[in-house]
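Hi everyone, thanks for coming. Let me walk you through a structure that may be new to you.

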Amino acid sequence: MEKKYSVAIYPSQDIIDSVKTMKDSLKSKIEWYNSCNSVAHITICEFTIEESEIEKIKLKLFKIADTFTPFQSYLDHFDYYENSGAFFIAPNDVSKINLKQILKKTQETLKALKLKKSDDPHMSIGRKLTPENIKIASQLFTTIDLNFLCNNIVLRELDPIKKQFFVIDTFSFGSNPQPELVQGSLF
C-alpha cells in the first residue's frame with residue numbers, strides 16, 4: 001500500500017510549544033487555516049512510496065544523519081512567500097547555510113524517489129494564507145528570537161484521516177563526516 005512520508009527537522013519542545021501558541025493566536029484572529037494544527041518543523045522533503053520500501057529509506061536516513069554534526073540553529077525573523085501564502089519563521093544567514101546543507105544532502109540521499117523538496121529552510125506558521133491574512137500575521141508577529149540544537153532528522157508518515165504527519169522514526173546526527181568523493185583524484 002502506498003503511503004505519504006515526510007523528512008523534517010524538529011526543533012526543541014519549547015519551540016514547538018511557542019510555535020503552537022503563535023498558531024493558536026493567529027487562528028483566534030482568522031479562524032482555521034492550512035497548517036494551523038501541524039507541529040513546528042522544517043521540511044526537508046516529502047514522498048509517496050510503498051510501505052514495504054520504508055525500511056530501505058530508514059537505512060539511508062540513518063546513514064546520512066550519522067555524517068551530520070549537531071549545530072545551534074537560530075531563527076530570528078518572520079517572512080512570507082507571496083506565491084504560496086506561507087507565513088513563517090526564518091533562520092539567520094549562518095543557520096540557513098547549515099540547514100541548507102542538511103536539506104541538500106538528505107535530498108541527494110533520497111534522489112531515487114520522486115521528492116517534493118524544500119530548498120529554503122523555514123518553519124511555517126501558516127500556509128495558503130490570503131494576502132489579508134498574511135498582513136494580519138505580520139502585524140501580530142513582529143519579533144522573534146528562537147534557537148535550538150539541530151541534532152537529528154525525523155521521518156514522518158501522513159495520517160490520511162487527520163491529514164497530519166506523525167513521527168515514526170528519529171535519526172540522530174553522529175558527527176561522522178564522510179570524506180567527500182573527489183572526482184578525478186586518481187592521478
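Let's start with helix α4, residues 131-140, where Asn133, Ile134 and Ala137 are buried, meaning under 20% relative accessible area, with exposed being over 50% and partly exposed in between (1.4 Å probe, protein chains only). Helices here are DSSP runs of H or I with at least four residues, strands are E runs of at least two, and both are numbered from the N terminus. Looking down the axis of α4, the buried residues fall within an arc of 105 degrees, so they line one face of the helix; that arc is taken from the directions from the helix axis to the C-beta atoms. On the face turned away from this buried side, α4 carries the exposed residues Pro131, Glu132, Lys135 and Gln139. And what covers the buried residues? The cover includes α1, β3 (71-81) and β4 (86-91), judged by contact, that is, heavy atoms within 4.5 Å.

A quick word on the model: it is predicted, so to speak of local features we need pLDDT of at least 70, side-chain atom pairs count only at pLDDT 80 or more, and totals for chains, interfaces and linings use all residues. Residues are numbered from 1 along each chain as its sequence is written, and side-chain values use heavy atoms, leaving out hydrogens and water.

Of its 50 residues, Val7, Ile9, Phe47, Ile89, Met123, Ile125 and Ile153 touch the most other members. Helix α1 (residues 13-30) gives the largest share of this core, six residues. Leaving aside neighbours within four places in sequence, Ile9 has contacts including His41, Leu99 and Phe148.

Methods: Core = buried A, V, L, I, M, F, W, Y, C linked by side-chain atoms within 4.5 Å.
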